[in-house]
Amino acid sequence: MNYLSQYTSQQRWWITLGGLALLALASYFLSIRKTLKLKNELTEKSIQLQNIDDAPLVIAQLEQQLQVNDQQFLQGPYDRNNLFAKVSTFCAEHHLNLLEFGEDQRWQQDQLNFITSPIRVAGTYHDILRLMYYMEHKEHLGYLVHCDLALVKKSRRSRQQELQVELHLQNIEIEN
């Protein structure tokens with residue numbers, strides 16, 4: 001007590017206030033912070049428990065989505081003539097030049113047959129993008145797995161360039 005008697009009452013009041021602040025800070029770091037952290041973990045775990053209660057509903061929705069995806073994934077047997085007809089018709093309507101419709105590349109993995117059809121087309125960038133969208137999204141002719149754009153010189157005299165693209169369209173069939 002002799003130590004505090006050398007200070008005035010106002011200084012003692014500030015020392016007491018500072019000591020209380022240090023005590024509050026120390027108690028926060030030692031216990032209150034851990035309590036708040038545990039409370040946050042508790043709320044996260046309770047939310048997870050609520051989600052577990054909804055699990056059968058979520059599983060049913062995911063199974064339904066999987067069935068829809070399977071139907072979109074395997075739309076039927078691959079028909080090369082149909083693919084050629086639709087691509088050549090689109091190219092004629094949109095001023096694209098169908099340069100090459102290569103031989104199909106086939107391989108098998110497990111019970112799936114993968115068929116990749118290489119297609120080379122020349123034209124404007126915008127029309128080539130339209131063709132890619134048409135094949136994959138509108139007509140569902142297959143999945144576009146490769147696209148290689150190249151500027152090619154058309155003639156040496158005029159030094160004109162044309163945009164060519166090599167597309168690989170992939171179809172998947174289930175082996176019976």
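Biologist: Which residues in α4 meet which residues in α5?
Modeller: In this predicted model, helix α4 covers residues 80-93 and helix α5 covers residues 125-138. The α4 side of the contact consists of K86, V87, F90 and C91, and these meet, in α5, D127, R130, L131, Y134 and M135.

Biologist: By class, how many nonpolar, polar and charged residues has the contact of α4 with α5?
Modeller: Lysine, aspartate and arginine count as charged, and K86 in α4 together with D127 and R130 in α5 belong to the contact. V87, F90 and C91 in α4 and L131, Y134 and M135 in α5 also take part, and residues of these kinds count as nonpolar. By class, the contact of α4 with α5 therefore has six nonpolar, no polar and three charged residues.

Biologist: Are α4 and α5 roughly parallel or roughly antiparallel?
Modeller: The two helices, α4 and α5, pack with their axes 11 Å apart and at an angle of about 150 degrees. Angles over 145 degrees count as roughly antiparallel, so the arrangement of α4 relative to α5 is roughly antiparallel.

Biologist: How are the rings of the aromatic pair F90 and Y134 arranged: stacked or edge-to-face?
Modeller: Four aromatic pairs are counted in the model, and one of them is formed by F90 and Y134, whose rings lie 4.6 Å centre to centre with 20 degrees between the planes. Planes under 30 degrees apart count as stacked, so the pair of F90 and Y134 is stacked.

Biologist: How many residues apart in sequence are the parts that the pair of F90 and Y134 ties together?
Modeller: Both F90 and Y134 are buried. Because F90 lies in helix α4 and Y134 in helix α5, their pair ties together parts whose separation in sequence is 44 residues.

Biologist: Where does H95, with its positive phi, lie?
Modeller: Phi of H95 is near 55 degrees, a positive value in a residue other than glycine. At a relative accessible area of 68%, H95 is exposed. H95 is located in the loop between α4 and β1 (97-101).

Biologist: Where does D110 lie, and is D110 buried or exposed?
Modeller: D110, although not a glycine, has a positive phi of about 55 degrees. The residue D110 is placed in the loop between β2 (105-109) and β3 (112-123). Its relative accessibility is 68%, and because the cut-off for exposed is over 50%, D110 counts as exposed.

Biologist: Which residues does L169 touch, leaving out residues up to four places away in sequence?
Modeller: L169 is found in strand β5 (residues 161-174), and at 0% relative accessibility L169 counts as buried. Beyond those sequence neighbours, the residues that L169 touches are L83, I115, T116, S117, M135, L141, G142, Y143 and L144.

Biologist: What distance separates the C-alpha atoms of L23 and E175?
Modeller: L23 is found in helix α2 (residues 9-53), and at 56% relative accessibility L23 counts as exposed. Along the chain, L23 and E175 are 152 residues apart, and the separation of their C-alpha atoms is 75 Å.

Biologist: What distance separates the C-alpha atoms of I174 and L22?
Modeller: I174 is found in strand β5, where at 44% relative accessibility I174 counts as partly exposed. I174 and L22 are 152 residues apart along the chain, and their C-alpha atoms are separated by 72 Å.

Biologist: How far apart in space are Q65 and Y143, C-alpha to C-alpha?
Modeller: Q65 is found in helix α3 (residues 55-73), and with a relative accessible area of 44% Q65 is partly exposed. In sequence Q65 and Y143 are 78 residues apart, while in space, C-alpha to C-alpha, the distance between Q65 and Y143 is 19 Å.

Definitions and conventions
Residues numbered from 1 in each chain as written. Predicted model: local features only at pLDDT ≥ 70, side-chain atom pairs only at ≥ 80, totals over all residues. Heavy atoms only, no water. Phe/Tyr/Trp six-rings, centres within 6.5 Å; stacked < 30°, edge-to-face > 60°. Helix = DSSP H or I, 4+ residues; strand = E, 2+ residues; numbered from the N terminus. Buried < 20%, exposed > 50% of the residue type's maximum accessible area, 1.4 Å probe, protein only. Axes fitted to C-alpha atoms, helices over the stretch in contact; angles between N-to-C directions. Parallel < 35°, antiparallel > 145°, perpendicular 65-115°, else oblique. Contact = heavy atoms within 4.5 Å.
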